[in-house]
Amino acid sequence: MERPLMWLLGVILASLLRGPLAAGGITEDERLLVSDGAWHRNQRKSVSIESSCYYTTMEAMPYGCQYARAHFPSYQNEYQRKSEKAALMEFYNLCGGDFWRSRDNWNQDLDPCWDYWYGVTCNEHGYVIKLELSDNRVRGMLPSTMGALTSLIKLDLSSTESDYHLHPNEEMNRVEGVMPSLAMCFQLEEIEVSGNLILRLPDDLYLNADTLRSLSASRNLLKNLPIYLSRYQLLHTLELDNNRIEDEFPAEFGRLQNIRFVHLQYNRLIGSITRDIVPMNKIRVFDVSHNPGLSGVIPEQIIVDWAYVDYLAILNTSIAGYISSLCLDVPFCWKFMYDTHKDLTWATVSDVPDIVGMTVELAQTQLFAESGMR
Ligand SMILES: *[C@@H]1O[C@H](CO)[C@@H](O)[C@H](O)[C@H]1NC(C)=O
């Protein structure tokens, strides 16, 4: 036999002995994913091995697992991934990235998703789904390109406390000014930007109303409530306390059918609370205390309709009426009124005997529920 032919046969034989390419077994990339190494801790939380190595068949994805593929220019230069990386880099540059508490792998020629940039979590397609940089010394205005993170589910740029036992929190974020539009983030569920210097939430935040579940922007410099409030039908948490909100309390509030936690204390709300709030009957906490200009009457109907309420706080407001006679001079009230004072004298008003019975019953069941928790 001719020499080249024998060589060819040898190659074919060797490859047959090795078995067909990439069929079964664990690849280097999969080993990375299941190892206990430091590689991409955050990633492993959100992307299961099945999904990140899902496209390992030759037909679906010629390069094996995503991690290997992620280093090919064709992957990195895909329009969406490229814009997301550019947006992250602009954010880094404008918000003092070089001085962040932690900036692991940022600002290097690495992939934000697969090389674990601190605080960045992605889905299996290499798009950013979470940006979590709480207490990280993020400073300045957010760039408008932040809205390019179109797969974002959670944005957390909060500062926890300004001090811990008199030691100032050196890592506080200081995001300032007007927040950019996130209107293209069609999956955005959670915004947590408390403890910054934000003047305005995105003007078109209502375009996120179909997905937003939690909006926390306590301890900022906000002057207004979000507009078109009744569109936020999934919202369960609204924390806007300790701002400078001077709006009228909107009648739309009651149409927030899923709202559980409302924190509006320490603002400058005006206007009146009316019967319109009764329908938000999944409410657990309703705190409008320290809004001296807020008036109106909390309708008695809530004693029955707000079956899950833990507490209600109206201290330092101008709210009048029946419930205010119980609550207006305590930090918060409801079951706590009963727990601490063992006193429901406020409820002995003769014209509402049925409510007295219901209230005692409710207070007692809540007391049991609470003592069970302790
Ligand atoms: C009443 O509320 C205002 C506005 O939030 C606040 O500045 C003030 O300190 C409060 N007063 C008391 C006695 O707590």
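These are my notebook entries on what I looked up in this structure.

**Ground rules**

I am working with a predicted model, where local features need pLDDT of at least 70, side-chain atom pairs count only at pLDDT 80 or more, and totals for chains, interfaces and linings use all residues. Residues are numbered from 1 along each chain as its sequence is written, and side-chain values use heavy atoms, with hydrogens and water left out.

**Entry: the ligand**

Which residues are around the ligand? I found Tyr266, Asn267, His290, Pro292 and Asn316; to be near, a residue needs one of its heavy atoms within 4 Å of the molecule. Sorted by class, this shell has two nonpolar, three polar and no charged residues. The classes go like this: Ala, Val, Leu, Ile, Met, Phe, Trp, Tyr, Cys and Pro are nonpolar, Asp, Glu, Lys and Arg are charged, and the others, Gly among them, are polar.

Next I looked up polar contacts, meaning pairs of N or O atoms within 3.5 Å (within protein, one must be able to donate a hydrogen and the other to accept it, and residues adjacent in sequence count only if both atoms are side-chain atoms). Asn316 puts a polar side-chain atom 2.4 Å from an oxygen atom of the ligand. His290 uses its backbone instead: an N or O atom there lies 2.7 Å from a ligand oxygen. On its own the ligand has 360 Å² of accessible area, and the protein covers 45% of that. Areas come from the Shrake-Rupley method with a 1.4 Å probe, and for residues only the protein chains shown count as cover.

**Entry: cysteines**

How many disulfides does a search of the whole structure find? It finds one, with a disulfide taken as a pair of cysteine sulfur atoms within 2.5 Å. As background, I noted that a disulfide is a covalent bond between the sulfur atoms of two cysteines. Here the pair is Cys113 and Cys122, with sulfur atoms 2.1 Å apart. The torsion about their S-S bond is about -80 degrees, so this disulfide is left-handed.

Are Cys113 and Cys122 buried or exposed? My cut-offs are under 20% relative accessible area for buried, over 50% for exposed, and partly exposed in between (1.4 Å probe, protein chains only). Cys113 is buried at 3%, and Cys122 is buried at 1%. I also checked Cys95, which is buried at 0%, and Cys185, likewise buried at 0%.

Strands here are DSSP runs (E, at least two residues), helices are H or I runs of at least four, and both are numbered from the N terminus. Two strands pair if DSSP finds at least two bridges between them.

Strand S1 (residues 120–122) runs antiparallel to strand S2 (residues 128–132), with three bridges joining them. Across this pair, Val120 stands opposite Leu131. Their hairpin has five residues between the strands, and Gly126 takes a positive phi near 80 degrees there. S2 also pairs with strand S4 (residues 154–156), in the parallel sense and over three bridges. In that pair I see Glu132 opposite Asp156.

**Entry: the open sheet**

Three strands make an open sheet in the order S3-S7-S9, with parallel pairing. S3 (139–140) and S9 (197–200) stand at the edges with a single partner strand each, so one side of each is left without a neighbour in the sheet. Two bridges join S3 to S7 (residues 174–178), and Gly140 has Val175 as its bridge partner in S7.

**Entry: positive phi in loops**

Arg137 has a phi of about 60 degrees. It sits in the loop between S2 and S3 and is partly exposed, at 29%. His165 has a phi of about 50 degrees. This histidine is in the loop between strand S5 (163–164) and strand S6 (167–168), and it is exposed at 74%.

Val297 lies in the loop between strand S15 (295–296) and helix H8 (302–305), partly exposed at 40%. Its C-alpha atom is 5.6 Å from that of Ile319, 22 residues apart along the chain.

Last, I looked at Ser324 in helix H9 (residues 324–327). Ser324 is buried, at 8%, and its side chain reaches the backbone oxygen of Gly321 at 2.8 Å.
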